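Hi there,

Here is the structure I promised to send over. Please have a look at it first, and my notes follow below.

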Amino acid sequence: MILNFINNIKSKIFNYLKILSFFILVIFIFFGLLSIPRVQTFIGEYATNKINKKFNTNIKIERASFDFNGEIKFNNLLVKDHKGDSLIAINQLKSSLTSILNLSNNKLIFDRIVSDGLYLKIKTYKNENKS
């Protein structure tokens with residue numbers, strides 16, 4: 001009777017360990033996939049497409065990368081105006097994840113932005129009110 005009780009406990013512990021190890025494996029696979037540059041760029045393109053549709057903008061990003069410390073890097077970022085002319089071009093833009101989340105909540109609040117190769121062209125077209 002005691003032996004059956006002990007075997008039952010061992011069996012339950014073994015089953016819980018299998019379930020726990022499965023979840024740990026899934027977490028490692030998830031973070032492993034997130035560390036692949038192509039996956040990061042896909043996520044950046046997906047987010048850019050959502051922003052483009054939501055705000056009717058034309059933003060393109062050649063490469064995006066995310067560090068586990070919360071830093072986000074965008075390489076070759078291009079923003080075009082409503083006429084298709086280059087408005088902003090940046091070789092590399094670095095910011096933090098909290099800044100990007102503020103942007104997705106319609107808040108233009110950035111704690112830090114670092115850019116390399118910034119080109120900014122603000123133009124008002126004749127007979128138009130918006131730039």
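β1 and β2 run antiparallel and are joined by 8 bridges; strands count as paired if DSSP finds at least two bridges between them. Helices (H or I, at least four residues) and strands (E, at least two) are DSSP runs, numbered from the N terminus. Before you go further, note that this is a predicted model, in which local features need pLDDT of at least 70 and side-chain atom pairs count only at pLDDT 80 or more, while totals for chains, interfaces and linings use all residues. Residues are numbered from 1 along each chain as its sequence is written, and side-chain values use heavy atoms, with hydrogens and water left out.

The whole sheet is open and has 4 strands in the order β1-β2-β3-β4, with antiparallel pairing. β1 and β4 (113–120) stand at the edges with a single partner strand each, so one side of each has no neighbour in the sheet. At the β4 end, β3 and β4 pair in the antiparallel sense over 7 bridges, and Lys94 has Val114 in β4 as its bridge partner.

Now to the inside. The largest nonpolar core has 10 residues, among them Ile59, Ala64, Phe74 and Leu93. Such a core is a set of buried Ala, Val, Leu, Ile, Met, Phe, Trp, Tyr and Cys residues joined through side-chain atoms within 4.5 Å. β1 (58–66), β2 (71–80) and β3 (86–96) each supply at least two of the core residues, and the largest share, 4 residues, comes from β2.

Leaving aside neighbours within four places in sequence, Ala64 is in contact (heavy atoms within 4.5 Å) with Pro37, Gln40, Thr41, Gly44, Lys73 and Phe74. Thr48, in helix α2 (residues 37–55), counts as buried because its relative accessibility is 8%. Buried means under 20% relative accessible area, exposed over 50%, and partly exposed in between (1.4 Å probe, protein chains only).

Asn56, in the loop between α2 and β1, has a positive phi near 55° and is exposed at 72% relative accessibility. Asn76 lies in strand β2, has a positive phi of about 55° and is partly exposed at 34%. Most residues other than glycine have a negative phi.

Best wishes
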